[in-house]
Amino acid sequence: MAKKSLMCGNEALSEAAIEAGCRCYFGYPITPQNEVTSYMSRRMPEVNGQFVQSESELAAINMVFGAAVVGARAITSSSSPGISLMQEGISYLAGCELPAVIVNIMRGGPGLGNIGPSQADYFQATRGGGHGDYRTIVLAPSSVQELVDHVFLAFDLADKYRNPVMILGDGVLGQMVEPVEIAGRHVARRQAKEWALTGCRGRAPNKVRSLILGENELLEHNRRLQEKYRQIEEGEMRSEAVEAGDAELLLVAYGTPSRTCRAALREFRQRRYRVGLFRPVTLWPFPSAALASAAKDARAVLVVEMSAGQLIEDVRLSLAGRAVPIDLLGKPGGEVLQGAEVDAAIEKAISMHGLKRR
Amino acid sequence: MGRVQQERLIIAGFGGQGIMFMGKLLCCAGMLEGRHVTYMPSYGAEVRGGTAYCNVIVSDEEIPSPVVAEPTAAIIMNTPSLIKFEPMLAKKGLIIINSALVDRPAKRRDVEPIHIPATNIADRLGNTRVANMVALGAFLAKRDVVQMQTALAAVEEMLPPYRRHLVEINRQALGEGKSFVESRSADAIWGKITRGFGFG
């Protein structure tokens, strides 16, 4: 086993990108993800990589575009307001079918908001964010180790599907320090990129563009994109269920609030309440079928999120047609969700839905 | 003193007092002993000379949230930190107070305070900046979260090569903090005995 080291989420994800063979980082500083920019500025030159502190997030995402189009692995990172600025570029990446990894360490919004941890960019991340009919694969890690593993996965998925992949974390995940293992954990699955613009001597020229004006051409392009998104939905849904089998009350949470839920689950299980947890790991594609099966015997569902009610919409869609009540514990505004708040919400659900000890 | 199953600790003081180093050190020592650990700094819009603090959890079990709401212990290096964090402490929580810089004792009666002039002790050792290690030594003397020798190993692991010469004074500082607490409790026991025999 490789040696574990102590790193904050932001540093760990940076080193993971380098371990994954990424040699291009472009970004603009913003709290709570500044450690990424800082780490990359030191580390990229050591591995003969490119580090550019761009003049804005708009420039950063377009530098990523430039690196991706010639076949390089590229990453950028930011936090909520900066990610909003990148949306145009992400739409272009999706339209041109370019692989890229974008990390959003979310903070409180809307607007400049604050620097506290938040999950309020769920809609933006899972519904497209920019213009046009497109999807980004969205990964939601809940520990520093999983964040590292998701960086590896993100690069592989981006290359496999020629699609931007977003890693959605919050300020706590970026800042917290945990033991983590990086070196040797990534089994590289690099694929040749025949589509890349690498100079066309001796072969037909490649074209990468999102301006498609011919009659029905854009329609065809969109149909192909949708077909690709269906393939991703079929192959890449990921989730985790904890003691969901016999759960009468099913908690649903992703990212750091899922850890708080896990602790609450242990506590209520000790008191002989049948509480379970469902954690979507991919937010798009959302693991609807797995959620429906985890909620099979549930008499109530409690969605826990650090936003005012965004994840709950996907939960409702997944459980459409089911009579089970779906409650919300949503905490917006860049404030940390406390264990006591989750406990209180569970108590309330237990009494409201008449759940009994076993 | 039994092994602590889960310690939820807040360490707080001025920026520059080595608050974050203390937190990471404890975290590193916990990791070396194979326990679950998390560390979470206060981040962002902090001001120079303001309060810097971090949350550390060392546990036998998986740690839910790295954010400490109700600390089981606190190490308080300056007055503003005492004002901010004393009310948050869990009942029977341990509070180590750097009495050299904190101008009042703990107010609560349901917590266990240790007042230690950490900065003065560090000055006597010849480096005011090891006050953090004095306080940490006092903490480890009271709470078996990690072994003192593991804390020392963590110091060696965490100090960069150009600071290797500081290992020794950090070791001394940890030791001074520990003996301060131990001598106090020895006094207390001796006091009880003498009172018990009617000498006090």
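User: In this predicted model, what percentage of the 200 residues in chain B is buried?

Analyst: The model is a predicted one, and a residue is taken as buried when its relative accessible area is under 20%. Counted over the 200 residues in chain B, the buried share comes to 50%.

User: Among contacts in chain B between residues at least 6 apart in sequence, what percentage joins residues at least 24 apart?

Analyst: A contact here needs heavy atoms within 4.5 Å. When the contacts in chain B between residues at least 6 apart in sequence are taken together, the share that joins residues at least 24 apart is 58%.

User: How many cavities of 30 Å³ or more are found in the whole structure, and how much space lies in the largest cavity?

Analyst: A search of the whole structure for cavities of 30 Å³ or more finds four. The space in the largest cavity is about 50 Å³.

User: Which helix of chain A gives the most to the lining of the largest cavity?

Analyst: The lining of the largest cavity includes A:Thr256, A:Pro257 and A:Thr260 from chain A, and B:Ser65, B:Pro66 and B:Val67 from chain B. By type, the lining residues divide into seven nonpolar, three polar and no charged. The element that gives the most to this lining, with three residues, is the helix spanning residues 256-270 of chain A, namely α9.

How values were computed: Residues numbered from 1 in each chain as written. Chains lettered and ligands numbered in written order. Predicted model: local features only at pLDDT ≥ 70, side-chain atom pairs only at ≥ 80, totals over all residues. Heavy atoms only, no water. 1 Å grid on protein atoms, 1.4 Å probe; cavity = no way out; pocket = protein on both sides within 12 Å on 5 of 7 lines; lining within 4 Å. Points joined across faces, edges and corners; volume = space filled by probe spheres on them. Helix = DSSP H or I, 4+ residues; strand = E, 2+ residues; numbered from the N terminus. Nonpolar A, V, L, I, M, F, W, Y, C, P; charged D, E, K, R; others polar. Buried < 20%, exposed > 50% of the residue type's maximum accessible area, 1.4 Å probe, protein only.
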